[in-house]
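Hello,

Here is the structure I promised to pass on. Please open it first, then read my notes below.

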Amino acid sequence: MYAVLNFHWKPAEFAALNQHEKAFVIASIDKRVEAEKKEADKLRT
């Protein structure tokens, strides 16, 4: 859902990716979310 909402992709565009491309996108999203959480924690303190 993140890719669809934040990258403005249509669901069919994500579904059309091959397994390796999907894995890369998901791993990239995980890294970005992790970085955003760290930044939010830093701002809270």
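Start with Phe 7. Its relative accessibility is 31%, so Phe 7 is partly exposed. Please keep in mind that this is a predicted model.

The class covers values between 20% and 50%.

Now the rings. Searching the whole structure gives 2 aromatic pairs. In one of them, the ring centres of Phe 7 and Trp 9 lie 5.5 Å apart. Their planes meet at 55°, so this pair is tilted.

Together with Phe 7 and Trp 9, Phe 14 makes up one aromatic cluster.

Next, the chain as a whole. The protein chain holds 3 helices and 0 strands. Read from the N terminus, the order is α-α-α. The C-alpha atoms fill a box of roughly 40 × 20 × 10 Å along the principal axes.

How much of the chain is buried? Of the 45 residues, 7% are buried. The exposed surface comes to about 4,000 Å², and carbon and sulfur atoms supply 61% of that area.

Last, the charges. The chain carries 8 positive and 7 negative side chains. The centres of these two sets lie 2 Å apart.

Best wishes

Methods:
Residues numbered from 1 in each chain as written. Predicted model: local features only at pLDDT ≥ 70, side-chain atom pairs only at ≥ 80, totals over all residues. Heavy atoms only, no water. Phe/Tyr/Trp six-rings, centres within 6.5 Å; stacked < 30°, edge-to-face > 60°. Buried < 20%, exposed > 50% of the residue type's maximum accessible area, 1.4 Å probe, protein only. Helix = DSSP H or I, 4+ residues; strand = E, 2+ residues; numbered from the N terminus. Areas by Shrake-Rupley, 256 points an atom, 1.4 Å probe, with all protein chains shown as cover. Lys, Arg positive; Asp, Glu negative; His and termini not counted. Charge placed at Lys NZ, Arg CZ, Asp CG, Glu CD.
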